[in-house]
Amino acid sequence: MKRVFLCLFFVFAGVLALQAQQIQVSGVVTSVREGDISLPGVTVMVQGTTRGTITDMEGRYEIMVQPNDTLVFSFVGMVPRTIPVEGRSIINVGMDMDIAQLGEIVVTGYGTESRRLISGAVGVVSEEEMRESSLRTIDGVLQGRSAGVQITQSSGTPGAANTIRIRGNSSISAGNQPLVVVDGIPLTTGNFGQVGFSGQGIDALSDINPSDIESITVLKDASAAAIYGARATNGVILITTKRGSKQETRLSFHATTGMQDLENRLEMLNAEQWHDLKGTQPADPANLVDTDWLSEVLRTAPTMNYELSASGGDETTQFFVSGNYYNQEGILLGTSFERLSSRVNLDHTVNERFDIGLSFGASYSLNHRVEGDQSLNAPLANAIANPAIYPVYNEDGSYNEEAPFANPVAIGREAINEAHSYRTLGNIFGNYRILHNLTFSTKWGFDYLSLREHSYDPVTTRQGARSNGIGLEAQSNVLNIVSNNTLRYVNTFVDNHNVELLGGYSFESWQRRRAFIRGVDFPNPYFQYISEAATISNASADATDRGLSSIFGQLRYNYSYRYILSLTARYDGSSRFGEDNRYGFFPAASVAWRISEEDFFKAWDTPVNELRWRLGYGITGNDGIPDFAYLALFGGGANYLGQSGIYPRGLSNPDLKWETTYQYSTGLDIGLLNDRIELTVDYYYNHTKDLLFSRPISYTSGYGSIQSNIGELENRGIEFTLTTVNIENNLFSWTSSVNISRNRNKVLSLYNDQPLDNIGRGSNSVRVGEPMGIFYGYQSLGVDPSTGDIVFADINGDGQITSEDRTKIGDPNPDFIGGISNRLTYQNFELNVFLQFSYGNDIFNGTRIYIESMKGGDNQTTAVLDRWRQPGDETHIPRATELDPNNNNRISSRFIEDGSYLRVKNVTLSYRLDRNLASRLGMRSARVFLTGQNLLTFTNYSGMDPEVNYAGQSTLVMGTDFFTHPQVRTVSLGINIEM
């Protein structure tokens with residue numbers, strides 16, 4: 001018996017001794033190429049044994065090993081790593097992608113995924129592509145880079161708002177801008193300015209520095225975007241900012257300076273031609289005044305950008321810090337945009353179970369604006385409209401105000417219009433590993449925007465002189481607080497069944513506070529603030545609070561990385577709807593089949609290395625309407641005889657409900673010759689029901705409209721993306737990328753199928769059976785050689801031209817949009833050429849209604865030199881007449897033009913310093929470059945710029961040019977240094 005106990009004792013002691021020799025090793029596995037993104041599901045094995053584990057959702061692992069063991073890290077889509085333990089307790093591993101297997105890691109909703117395991121439609125814009133652009137706004141660098149994404153820079157005004165559409169317009173009034181998410185926090189976007197500038201709105205996106213961005217992912221269909229539920233109808237743009245990594249500190253400096261000018265100008269009549277048109281004689285022919293007003297307000301303007309960043313870290317803490325100064329002086333007198341921004345991103349590992357981090361960005365921007373488009377006090381519009389016979393200055397040096405419209409030089413030099421934007425965007429987060437493959441994550445974030453507007457028109461301007469000075473002050477504060485909380489489970493069963501489960505809860509609390517005040521009658525031009533005004537002519541203030549709460553879940557499954565399934569559901573509650581319709585359920589499902597992984601496919605001798613088919617369906621919602629429209633609201637200010645009062649502001653509609661879009665999509669991804677050729681094709685059909693709109697009602701009700709669900713529309717389209725490696729060797733490489741997409745939009749039904757007509761200056765219309773925003777007016781058949789008047793089509797054949805003869809005369813929606821990029825490298829030289837195009841869209845050139853009217857006080861373009869003068873003349877310009885009984889200038893196809901264009905958007909030539917030389921100079925790398933932006937535009941459009949819309953981001957007013965600020969051409973020189 002003693003022998004038995006003795007044996008057991010020695011066995012037990014041996015086991016203890018063996019365990020005493022073991023150590024626990026832990027660490028994080030990341031993707032090197034993707035900026036140290038954590039890799040979940042990596043297999044970690046002790047070489048030569050069956051002992052192993054897998055990484056959790058944060059890429060963390062822990063395992064018991066002998067000090068002299070070797071660990072093998074493997075993950076489908078990554079090159080395996082074999083690392084000796086050598087007695088270490090912490091081993092962090094960076095894995096390189098094996099592109100031939102699963103492709104790059106892509107940021108998706110609330111996580112990441114290998115690109116070839118994604119079953120939805122996504123587009124990715126890399127840091128490298130963004131670096132090529134000299135534009136310093138997010139939407140600017142995204143333009144033309146992703147199929148199905150249409151970005152229109154409606155105006156060339158510095159800092160102006162752009163229009164973003166993903167797979168067309170899905171709503172007529174509830175908003176069509178996509179949801180923008182920065183590091184997991186929805187971004188406040190849109191124009192919050194209260195001082196109107198006729199479509200030249202302030203873009204909240206312009207506060208973000210593109211150089212802080214690591215990558216942009218565009219979620220284009222419901223199966224990819226439904227995790228964001230209520231606001232995913234218009235797509236989602238996910239922005240991931242740069243973070244630190246486990247390396248010694250690296251410094252990066254970027255500097256760019258350049259000049260801007262205008263590629264195309266209108267040719268206006270000079271003084272002699274004006275007198276000939278009007279049949280007048282100059283008062284003093286020997287001293288003929290001949291002012292080129294456009295030259296007086298347009299200029300060559302500088303732009304500059306400076307950036308400094310530092311990144312690095314150790315095993316427990318990583319950081320990224322950046323600062324940026326950007327200054328763009330506008331080519332139009334009185335305009336400029338200036339921005340200071342900074343960012344701090346921190347990541348810290350508390351222990352093997354818990355890590356925390358933060359992201360914080362702050363910016364200040366100053367936007368000097370001038371009125372535009374529809375205003376009578378707009379420098380560009382007035383410079384176009386004022387005849388050349390009037391001087392800029394009087395003999396005493398004061399501004400001459402004899403012209404029909406206010407002196408544009410006086411406005412540009414004397415008027416003050418400032419928009420001060422203070423922006424902070426940040427979040428803190430924590431990840432706690434409850435079990436090896438179960439992680440709880442929480443993120444709390446905020447987006448705060450403070451916008452102060454200051455405007456002053458002194459008596460030295462025509463507008464200011466009328467009121468002895470006009471001053472405006474406006475303050476808008478917008479705060480959005482967000483909390484995202486998720487529980488994630490990742491595991492692999494029976495080797496080939498890979499499962500990821502996600503459940504979460506989020507809420508948002510949004511509030512806006514506004515104040516506005518207008519004063520007149522100032523003592524002199526040196527006093528410009530409201531406290532110095534003798535009279536307060538207008539004052540207002542308001543407050544709005546709203547909320548959104550959501551629960552969501554997602555299942556991702558794949559079998560042997562061959563058969564892929566994704567199921568998503570989100571339940572959203574919005575304060576914009578009544579109790580009966582407050583909550584909406586938005587599910588989505590998608591599948592993918594990697595046919596190239598099948599044995600039968602591998603047995604074929606084919607150049608195709610990747611073949612994947614995708615299919616998806618989902619439902620998304622939209623609540624983008626005025627707050628509390630379902631209630632019968634009352635407003636104050638209905639005062640009478642010195643007594644305060646309230647008044648009813650609108651009718652209630654308790655039946656108001658979510659606008660819902662049902663999305664169907666399918667796609668094919670093909671890789672050939674080891675991905676030297678990659679082709680992606682997507683087809684989609686989106687059907688939107690219960691369109692939200694404030695429909696007109698009879699004024700006998702006491703109101704003009706009521707918010708309602710009124711109809712349906714559809715979008716269907718196809719997208720192609722082709723990427724090729726044309727040449728690749730040690731000396732020279734050439735890669736190309738082409739994307740092209742087509743979207744067809746059609747209105748299916750409206751309230752009683754009544755059209756929405758006469759919208760905007762181009763008479764846009766919403767009609768059943770037609771695309772949104774078509775131009776509706778009279779069909780011009782040309783100039784009658786016998787009379788010099790325009791002949792209009794008698795559509796109904798009654799022998800008269802009346803409003804019943806109006807018809808569809810144009811469509812602002814393009815047939816195709818896309819981009820073409822080429823990258824060529826030779827030794828240390830690199831050339832990038834990017835072209836962007838739009839084909840098949842019409843533009844209503846509303847400017848021509850005035851500058852080809854040949855009546856009134858507006859100056860005219862030189863096109864009127866070809867006007868009809870006598871019977872028998874054949875021309876496209878009618879006769880000159882002040883009375884115009886035929887109304888030749890009515891809204892008609894005469895002013896519809898082909899808006900198609902091909903633009904050389906960006907050309908960059910760079911040289912990278914030899915690494916050995918850079919090292920001797922104390923640098924890791926150095927790069928100098930010359931960049932041209934908007935160098936050439938090929939178009940038949942007669943206006944200054946075919947990429948235009950005077951109404952900015954308006955959904956219904958599209959494709960209309962009305963004295964709108966054109967895009968600028970920029971040439972800049974820059975340098976990048978890394979140390």
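Val971 sits in strand E53 and counts as partly exposed because its relative accessibility is 43%; buried would mean under 20% relative accessible area and exposed over 50%, with partly exposed in between (1.4 Å probe, protein chains only). Strands here, E, are DSSP runs of at least two residues, numbered from the N terminus. This is a predicted model, in which local features need pLDDT of at least 70 and side-chain atom pairs count only at pLDDT 80 or more, while totals for chains, interfaces and linings use all residues. Residues are numbered from 1 along each chain as its sequence is written, and side-chain values use heavy atoms, with hydrogens and water left out.

Val971 also belongs to a nonpolar surface patch of about 870 Å², together with Leu731, Tyr826, Phe829, Leu831, Leu909, Tyr911, Val928, Leu930 and Leu973. Patch members have over 30% relative accessible area and no salt bridge, and nonpolar side chains are joined within 5 Å. At least two residues of the patch come from each of E46, E49 (901-912), E50 (925-933) and E53 (969-978).

Now let us look inside. The structure holds eleven cavities of 30 Å³ or more. On a 1 Å grid over the protein atoms alone, a cavity is a set of points where a 1.4 Å probe fits but cannot get out, whereas a pocket is an open set with protein on both sides within 12 Å along at least five of seven lines; lining residues have an atom within 4 Å of a point. A volume is the space filled by probe spheres set on the points.

| Space | Volume | Lining by class |
|---|---|---|
| Largest cavity | about 1,200 Å³ | twelve nonpolar, 23 polar, 13 charged residues |
| Second largest cavity | about 620 Å³ | 14 nonpolar, 23 polar, six charged residues |
| Second largest pocket | about 1,300 Å³ | 13 nonpolar, 20 polar, nine charged residues |

Of the 48 residues lining the largest cavity, Glu58, Arg243, Phe429, Asn431 and Lys443 lie nearest its centre.

For the second largest cavity, the lining has 43 residues, with Gln150, Thr152, Pro812, Pro814 and Ile817 nearest the centre. Strand E38 gives the largest share of this lining, five residues. Among the other strands that supply at least two residues are E12 (149-152) and E45 (816-826). E46 (829-839) is also one of these suppliers, and E46 contributes to the nonpolar patch as well.

The second largest pocket has a volume of about 1,300 Å³. Its lining counts 42 residues, and Thr189, Phe192, Arg546, Arg576 and Gly624 are the closest to its centre. Strand E26 provides the largest share, four residues.

How values were computed. Nonpolar A, V, L, I, M, F, W, Y, C, P; charged D, E, K, R; others polar. Patch = residues over 30% accessible without salt bridge, like charges linked within 9 Å, V, L, I, M, F, W, Y side chains within 5 Å. Areas by Shrake-Rupley, 256 points an atom, 1.4 Å probe, with all protein chains shown as cover. Salt bridge = Lys/Arg side-chain N within 4 Å of Asp/Glu carboxyl O.
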